[in-house]
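This report goes through selected features of one protein chain.

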Amino acid sequence: MVRLTPAPMQDALDSTSAPLADLASRLPPSVKIVLLPVQSDTQILVVTLARAHKRNALDDTTVLGLAAVFEALPSTVRAVVLEGEGEHFSAGLDLSELSERDTVAGIAHSRLWHRIFENIQFGQVPVIAVLKGAVIGGGLELACTAHLRVAETSAYYALPEGQRGIFVGGGGSVRLPRLIGVSRMADMMLTGRTHDAEAGQAMGISHYLVDAGKGRDKALQLAGKVCANAPMTNFAVMHALPRIAESDPAAGYLTESLMAAIAQGDEEAKRRIRDFLAKRAPKVKVPE
Ligand code: 1HE
């Protein structure tokens with residue numbers, strides 16, 4: 001049974017999590033982490049953007065803090081919940097750091113975001129983002145790196161890059177069209193159109209839409225389900241599925257067969273299937 005008891009990080013840490021305690025002490029104030037126990041040897045890590053006074057705008061310090069977290073996840077962490085402090089998820093790139101950046105520095109900065117965001121999307125564990133208030137520009141690009149997105153009804157989505165005279169630089173032009181299509185993204189960038197939470201849910205930005213203030217609980221509930229999966233299945237969904245979906249069909253089918261064989265060969269899969277056949281595992285639920 002998955003236990004989801006919020007606990008301060010120091011209470012939840014055990015010796016296997018010591019590297020995380022060390023990491024926490026090295027993070028900037030704009031990135032906070034809390035470990036929540038799921039079982040005795042597994043945890044969910046809640047990562048919080050903590051620059052509410054700047055609407056969680058992503059300055060270099062914050063983005064590098066995120067990089068440090070995702071590079072140093074201990075193996076006992078099975079899922080990450082990514083949220084923003086205050087009323088907003090993120091107002092995007094910190095524009096105060098952009099004004100003096102020349103073209104060469106701009107490329108380096110964008111490539112840095114690419115590396116860090118890639119490490120979130122293709123990292124060790126599924127990430128569940130909690131979206132509320134502003135999910136703008138680079139904030140929306142960051143949200144797109146997550147594997148699941150829970151939106152509160154306050155969430156709104158915009159790409160004001162057009163008005164600012166810039167372009168997306170955090171992988172948004174690769175990831176967002178895969179969620180909503182090139183045509184909708186072009187509209188957002190050309191006209192500055194803002195979509196509310198309901199529209200974002202309808203067009204596929206969020207997977208779940210919940211009332212204000214309920215996003216974290218919903219994300220933790222989903223994280224509990226993710227943690228209950230066989231790690232090999234989570235790995236396959238994160239790393240194989242998106243590559244297969246981008247492959248030509250012949251390569252995709254082959255990769256799928258290889259991944260399926262690897263997953264079913266794992267002892268964990270054999271145990272779960274034996275449990276089902278012995279009527280010890282839950283059945284699939286009919287939708288309510
Ligand atoms: C910021 C930023 C920011 C807020 N960079 N400082 N993103 C944008 O173009 C969005 C710009 N922000 C806004 O439109 C608004 O701030 C919000 C709609 C998000 C929120 O409005 P509000 O009235 O709640 O807050 P505020 O008073 O506008 O902002 C509070 C403070 O946060 C204020 O600073 P203060 O020192 O005057 O208190 C704002 O300046 C600051 N702030 N957003 C810097 N983004 C890899 S490429 C990605 C490209 C992009 O992301 S482009 C989109 C940039």
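## A salt bridge between Arg193 and Asp187

Arg193 is partly exposed, with a relative accessible area of 44%. The model is a predicted one. Arg193 joins Asp187 through a salt bridge between their side chains, at 2.8 Å from N to O. Asp187 is partly exposed as well, because its relative accessible area is 24% and the buried class covers values under 20%.

## Other salt bridges

The structure contains 14 salt bridges. One of them connects Arg178 and Glu246, whose closest N and O atoms are 2.7 Å apart. This pair ties together distant parts of the chain: Arg178 belongs to helix 7 (residues 172-180) and Glu246 to helix 11 (residues 231-246), 68 residues apart. Arg178 is exposed, at a relative accessible area of 52%. Glu246, at 49%, is partly exposed, because the exposed class requires a value over 50%.

A salt bridge also forms between Arg271 and Glu268, with 2.9 Å between the closest N and O atoms. These two residues are three residues apart in helix 13 (residues 267-277), so about one helical turn separates them. Arg271 is partly exposed at 36% relative accessibility, and Glu268 is partly exposed at 23%. Both belong to a network of salt bridges that links Glu268, Arg271, Arg272, Asp275 and Arg280.

Strand 4 covers residues 127-131, and five of its five residues are buried. Both of its faces are covered: Val127, Ala129 and Leu131 lie on one side, Ile128 and Val130 on the other, and all are buried.

Strand 4 pairs in the parallel sense with strand 3 (residues 77-84) over three bridges. In this pairing, Leu82 is opposite Ala129. Strand 4 also pairs in the parallel sense with strand 6 (residues 148-152), over four bridges. There, Leu148 is the bridge partner of Ile128. Strand 3, helix 4 (residues 103-121) and strand 4 together form a right-handed β-α-β unit.

## Arg51 in its loop

Arg51 sits in the loop between strand 2 (42-49) and helix 3 (60-71). Is Arg51 buried or exposed? Arg51 is buried, because its relative accessible area is 12% and the cut-off for buried is under 20%. Apart from neighbours within four places in sequence, Arg51 has contacts with Ser30, Asn56, Ala57, Asp59, Thr62 and Asp94.

How values were computed:
Residues are numbered from 1 along each chain as its sequence is written. This is a predicted model: local features need pLDDT of at least 70, side-chain atom pairs count only at pLDDT 80 or more; totals for chains, interfaces and linings use all residues. Side-chain values use heavy atoms; hydrogens and water are left out. Buried means under 20% relative accessible area, exposed over 50%, partly exposed in between (1.4 Å probe, protein chains only). Contact means heavy atoms within 4.5 Å. Two strands pair if DSSP finds at least two bridges between them. A crossover is right-handed if, with the strands pointing away from the viewer, the path from the first strand over the helix to the second runs clockwise. A salt bridge is a side-chain nitrogen of Lys or Arg within 4 Å of a carboxyl oxygen of Asp or Glu.
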